[in-house]
Amino acid sequence: MGYVTLAGAIVSEILATTSMKYSDGFTRLWPSVGTTAGYLLAFALLAQTLKTMSVGTAYAIWAGSGTAVIAAIGMVFLGESTSLLRILGVLLVIAGVVVLNLGGAH
């Protein structure tokens, strides 16, 4: 169940961050509401995850996955620059999460 709540926290954080991009500095109502609601849900689900998973493992997966997906969304859908170094950076984030998880998700 911990991985299910963690997946929900990751999706919520990704949606919140994407909404923030469209909030225009919190001057647009609905993207701002989406940002706030998404982060509240993300933290609530992350807190539930921590009942059954170690904080280091859960946070590494949550933060690393969110970072990698948001970077990919930026490059693929939002016109942000794509370079070999940026792609390498995303791959290093993913590798870091994998290495941290090799110790086990207790």
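Predicted model: local features only at pLDDT ≥ 70, side-chain atom pairs only at ≥ 80, totals over all residues.
1. Contact here means heavy atoms within 4.5 Å. Helices (H or I, at least four residues) are DSSP runs, numbered from the N terminus.

2. The axes of helix α1 (residues 2-22) and α2 are 7 Å apart, and the two helices pack at an angle of about 160°. α1 is therefore roughly antiparallel to α2, a term that applies to angles over 145 degrees. Axes are lines fitted to C-alpha atoms, for helices over the stretch in contact, and angles run from 0 to 180 degrees between N-to-C directions. The crossing of α1 past α2 is left-handed, that is, the near helix is turned anticlockwise from the far one by less than a right angle.

3. Thr49 belongs to helix α2 (residues 29-49). With a relative accessible area of 0%, Thr49 is buried (under 20% relative accessible area; exposed is over 50% and partly exposed in between, with a 1.4 Å probe and protein chains only). Apart from neighbours within four places in sequence, Thr49 is in contact with Gly2, Thr5, Leu6 and Ala58. The side chain of Thr49 also reaches the backbone nitrogen of Leu6, at 3.2 Å.

4. Two aromatic pairs are found in a search of the whole structure. In one, Phe43 and Trp62 are tilted, at 5.5 Å centre to centre and 55° between the planes. Rings of Phe, Tyr and Trp (its six-membered ring) pair if their centres lie within 6.5 Å; planes under 30 degrees apart count as stacked, over 60 as edge-to-face and the rest as tilted. Because Phe43 lies in helix α2 and Trp62 in helix α3 (residues 55-77), this pair ties together parts that are 19 residues apart in sequence. Phe43 is partly exposed at 48% relative accessibility, whereas Trp62 is buried at 7%.

5. Tyr59 and Trp62 form a tilted pair, 5.5 Å centre to centre with 50° between the planes. Both residues lie in helix α3, three residues apart, about one turn of the helix. Tyr59 is partly exposed, at 47% relative accessibility.

6. On conventions, residues are numbered from 1 along each chain as its sequence is written, and side-chain values use heavy atoms, with hydrogens and water left out. Local features need pLDDT of at least 70 and side-chain atom pairs count only at pLDDT 80 or more, while totals for chains, interfaces and linings use all residues.

Notes
Polar contact = N/O pair within 3.5 Å; in protein donor to acceptor, adjacent residues only side chain to side chain. Parallel < 35°, antiparallel > 145°, perpendicular 65-115°, else oblique.
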